[in-house]
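Welcome! Please take a moment to turn the model below around on your screen, and then we will walk through it together.

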Amino acid sequence: MADLLIELFSEEIPAGLQAPAAENLKKLLTNGMVEAGLTYANASTFHTARRLTLVVEDLLDASPTVQEERKGPKVGAPEQAINGFLRGAGLSMNDLEVRDDKKSQVYFAKITKPGRPASEIVAEVLETTIRNFPWPKSMRWGSGSLRWVRPLQSILCILSNEAEVSIVPLEVDGFKADNQTRGHRFMAPDAFAVSGFEDYDTKLKRAKVILRAEERQAAIWQDAQTQAFALGYSVVEDAGLLAEVAGLVEWPVVLMGQIDEEFLDLPPEVLKTSMKEHQKFFSVANPKTGRIERFVTVANIEAADQGATILKGNQKVLAARLADAKFFWENDLREAKAGMGAWQAALENVTFHNRLGSQAGRIKRIAALARDLAPMVGADPDMAEQAALVAKADLSSEMVYEFPELQGHMGRYYALKAGMSAEIAAACETHYSPLGPSDDVPTAPVSVAVALADKLDTLTGFWAIDEKPTGSKDPFALRRAALGVIRLILENHLTLPLADKLTSADAGAGATDLLGFFQDRLKTYLRDRGIRHDVIDACIAMPQSDDLALLVKRAEALQGALATDDGENLIQGFKRANNILSQAEENDGVEYSFGADVKYAENEVEKVLFAALDEADNKIQPAMATQDFATAMAAMATLRGPIDAFFEAVKVNADSALVRRNRLNLLSRVRTTCLSVADLTKVEG
Amino acid sequence: MSTPKSFQEIILRLQTYWAEQGCAILQPYDMEVGAGTFHPATTLRALGSKPWAAAYVQPSRRPTDGRYGENPNRLQHYYQYQVLIKPSPPNLQELYLGSLKAIGIDMTLHDIRFVEDDWESPTLGAWGLGWEVWCDGMEVSQFTYFQQVGGHDCHPISGELTYGLERLAMYVLGVDHVMNMPFNDPSAPIALTYGEIFRQTEEEYARWNFDVANTEVLLRQFEEAEAECETILAQEAVDPKTGKRIIMAHPAYDQCIKASHMFNLLDARGVISVTERQAYIGRVRSLATKCADAFVQTSAAGAA
């Protein structure tokens with residue numbers, strides 16, 4: 001057994017690509033080795049800005065020898081056939097064995113495939129991996145033709161056990177594998193040799209490299225919090241930024257700096273975004289003032305002056321950035337106080353999509369739709385319309401031009417400055433939501449009206465020009481918009497039949513198709529919540545299924561009923577009834593749908609089924625009328641016993657034509673009753 | 001390395017440093033360009049198989065960035081320092097860091113970072129991968145391995161370094177407003193600041209760029225340059241007068257540069273709409289691509 005250590009050392013790898021690359025390295029290497037017969041106990045990967053590292057523990061020293069037996073031609077077969085067989089097996093006549101096989105004698109070959117040493121296999125698999133690495137974007141450099149994410153600098157590849165360390169003999173385009181690596185670019189740039197993973201890990205730390213991304217993240221976060229806490233401040237959490245920053249440094253050094261007084265009145269979103277996007281700074285809030293007053297930057301070096309120069313430089317760059325932001329903010333406030341009319345007018349000249357007109361045109365449609373939706377979501381129609389008209393005005397502001405991700409957030413500030421109500425301002429901010437499956441859903445009625453109108457207009461518009469999502473392509477984020485509508489309706493418990501909303505904006509013939517798209521998105525949404533796709537199908541087939549809240553209620557009830565023993569078995573009974581009935585209808589060319597009469601019942605169980613159906617119908621009909629699906633489904637499930645007993649005791653295809661017809665008509669009642677609750681033909685089981 | 005005293009000292013030190021690394025120190029190209037990349041010593045020489053190593057200062061013009069000399073670091077005319085080495089040497093990062101040391105950046109005090117940046121020039125039909133280089137959070141250079149230029153895959157690959165000289169110098173010299181930056185030695189008998197040399201021209205050009213430049217003339221010049229570029233490239237490879245094979249890639253490329261600058265001026269005048277913008281960029285790219293097609297057939301590109 002040996003341990004394998006691989007390090008691919010390169011120029012700086014983009015932060016976001018490091019972790020997936022490390023995973024790919026592990027997957028490709030271990031799969032390749034196992035395929036070649038080289039098994040191992042454990043594999044782990046590490047990544048920094050300059051290295052991808054893989055450790056494989058307890059790797060076999062060689063792949064096992066494999067014995068294979070191959071059956072050849074019959075004894076006495078033409079010479080050509082025998083020679084061909086010998087060539088294929090790499091053997092001579094003397095190696096063959098003759099065995100009895102059925103009625104004749106046949107040649108057999110025993111082939112031994114000797115195992116190969118680990119170093120040979122590793123060299124082969126690593127070379128293939130390097131040459132075919134799945135980087136999302138890769139490059140060449142110098143005169144070579146090798147591709148990597150940035151120029152590769154060196155390859156470390158060693159096998160070690162207690163007795164010895166050996167370098168795996170490997171050369172890829174002039175890069176010869178070695179046992180050497182380098183430390184931190186500035187603090188420990190010299191090369192050094194390592195003898196195994198532990199040695200590598202220890203020496204790297206001594207050479208100012210923290211190998212583990214989690215450890216770098218933890219160090220940054222802990223140090224940032226400690227420094228902030230000492231001043232009574234708190235660092236604003238940002239997991240994405242933390243991961244990114246940890247990918248930019250091999251030896252994180254946390255420095256906290258101050259934001260100049262003159263910028264402290266900028267909205268916190270502006271400070272946060274500007275610092276994060278341009279400088280990759282964390283924001284630090286003062287809980288006493290509720291403002292962001294400081295920043296944390298992460299350097300990659302322990303500077304001789306404890307970071308004073310670095311901090312001063314960063315502060316200077318930040319001041320220049322924030323001076324720009326302040327300039328935009330002040331210009332924008334003048335426009336906002338003037339009522340934002342100029343911004344709205346400017347949107348006349350902004351194309352939303354070349355076949356869907358301008359942003360201003362789109363806003364007019366959204367406003368009309370928001371007004372129309374308002375009563376259904378409990379909003380004041382005038383206010384909903386007004387909110388929709390100003391909700392996107394901030395797209396013309398200088399701040400949003402500079403930081404598009406602040407759209408909506410700035411809208412809220414500007415709407416308030418323009419003297420609009422808090423409800424309208426809130427709608428400006430939240431009408432883009434929810435942006436994903438875990439994003440918060442607006443609940444304020446005016447916001448809900450605008451958010452729904454915005455998304456419905458997007459969907460009907462793109463449907464009308466036939467720009468629908470296909471496969472993985474969804475350039476206009478229409479799936480997200482549909483999911484947003486679904487979540488807005490369901491999480492706000494809205495009764496909002498979609499069908500007529502999908503035609504109101506000229507979708508025309510696309511409406512049905514669009515409703516189907518919604519239902520597909522709903523299926524995905526509900527599947528994540530544990531509701532079976534066939535259950536949803538069974539409910540979609542029912543009337544009013546464009547009322548998503550109703551549809552979900554029905555699906556939940558059906559799933560609940562199917563989870564009971566009676567419910568589960570009822571499906572069997574229903575299907576049996578349905579199959580027998582359909583078969584008979586097909587053979588006889590008639591429809592058995594009416595006239596089952598208890599007076600022709602010959603058997604007691606038949607009578608019981610008649611009675612059970614009467615009782616179930618009496619419960620189901622009023623329950624369905626009040627959308628009490630649980631009661632209806634429970635009543636349906638009570639049919640299970642009588643149906644099972646019926647099939648147990650009764651032969652449907654009785655000799656008497658009258659009895660047969662009556663029984664088929666009885667099964668038809670079973671079908672009708674069950675289908676009045678949900679389309680059970682769609683349920684699997 | 002001591003701290004330099006002036007803007008020009010930083011330029012001189014870069015010149016000396018890259019000369020010591022074996023680069024040919026070229027002079028600026030004598031046409032209006034938006035960036036050092038447009039110099040044929042970069043755009044055209046990044047193509048073809050012949051090794052190349054050049055460094056130069058390139059005055060660059062971005063009419064839309066004019067601020068009448070008032071903004072602390074925005075100018076419509078500024079300087080870039082450009083290095084292009086083909087094939088890119090394996091130690092190009094170290095060579096680059098050496099240049100920062102040469103201009104007085106102490107690596108034990110500063111935080112230098114290579115931050116992902118995928119460079120792309122839609123007008124030149126070029127792209128590459130590399131980084132923005134940050135010094136204490138400020139972008140001081142762009143570092144790019146060219147993968148494609150003028151629609152051609154590069155082979156071998158060039159390493160390109162671009163330094164924004166004013167910004168870098170302001171940082172090294174500790175100056176807050178570009179116009180206050182000493183251009184020559186501040187203790188010289190006639191000490192000149194950047195502002196004394198350029199404030200007036202920034203004002204003059206800002207006014208002309210934004211409000212006065214005759215858009216009809218600019219438009220006509222764009223079209224003339226475009227037509228001339230096409231005409232040049234349509235000529236037979238063999239010159240009927242000398243009987244020599246002379247493909248006129250450089251004169252054609254001059255017209256491409258001219259068209260690109262006319263487009264920038266039109267843009268600054270605000271007469272190009274969002275949709276038209278893409279179309280103009282496409283027209284310049286088409287010229288750049290044709291010039292590249294022509295250059296790769298010449299001996300400077302290593303063609304027989």
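Which residues in α4(B) are buried? They are B:Leu165, B:Glu166, B:Leu168, B:Ala169, B:Met170, B:Val172 and B:Leu173. A residue counts as buried if 20 or more other C-beta atoms lie within 10 Å of its own, as exposed if 12 or fewer do, and as partly exposed in between, with the C-beta atoms placed from the backbone.

Before we go on, a word on how to read all this. You are looking at a predicted model, in which local features need a pLDDT of at least 70 and side-chain atom pairs count only at pLDDT 80 or more, while totals for chains, interfaces and linings use all residues. Residues are numbered from 1 along each chain as its sequence is written, and chains are lettered from A and ligands numbered from 1 in the order in which they are written.

Let us stay with that helix in chain B. Helix α4(B) covers residues 165-173 and is mostly covered, with 7 of its 9 residues buried. Helices (H or I, at least four residues) and strands (E, at least two) are DSSP runs, numbered from the N terminus. The buried residues of α4(B) pack against α1 (7-20), β3 (77-86), β6 and β8 (159-164) of chain B.

Another glycine to look for is B:Gly98, which sits in helix α3 (residues 92-102) of chain B. B:Gly98 is partly exposed, because 15 other C-beta atoms lie within 10 Å. In sequence, B:Gly98 and B:Thr3 are 95 residues apart, and in space they are 15 Å apart, C-alpha to C-alpha.

Now move over to chain A. Chain A holds 24 helices and 18 strands. Its radius of gyration (taken over C-alpha atoms) is compared with a globule rule of 2.2 Å times the number of residues to the power 0.38. For chain A that radius is 36 Å, well over the 26 Å that the rule gives for 685 residues, so chain A is more spread out than a compact globule. The C-alpha trace of chain A spans about 105 × 100 × 50 Å along its principal axes.

How much of chain A is buried? Buried residues make up 42% of its 685 residues. Two residues are in contact if their C-beta atoms, placed from the backbone, lie within 7 Å. Of the contacts in chain A with a separation of 6 or more, 65% come from residues 24 or more positions apart.

Next, look for the largest nonpolar core. Such a core is a set of buried Ala, Val, Leu, Ile, Met, Phe, Trp, Tyr and Cys residues joined through C-beta atoms within 7 Å. The largest one has 270 residues, and A:Ala370, A:Ala387, A:Ala449, A:Val450 and A:Met636 touch the most other members. Leaving aside residues up to four places away in sequence, A:Ala449 touches A:Leu373, A:Ala374 and A:Val377, among others.

Chain A also has sheets to trace. Two strands pair if DSSP finds at least two bridges between them. Strands β2 (residues 42-47) and β3 (residues 51-59) of chain A run antiparallel and are joined by 6 bridges. A hairpin of 3 residues connects β2(A) to β3(A), and A:Asn42 stands opposite A:Glu57 in β3(A).

In another part of chain A, 4 strands form an open antiparallel sheet in the order β13-β15-β16-β14. Here β13 (234-235) and β14 (253-258) of chain A stand at the edges, each with a single partner strand, so one side of each is left without a neighbour in the sheet. Strand β13(A) is joined by 2 bridges to β15 (residues 282-286) of chain A, where the bridge partner of A:Ser234 is A:Ala285.

Finally, where do the chains meet? In all, 24 residues of chain B are in contact with 27 residues of chain A. On the chain B side, the elements that give two or more residues are β4 (112-121), β5 (126-135) and β6 (138-149) of chain B, and β4(B) gives the most, with 4 residues.
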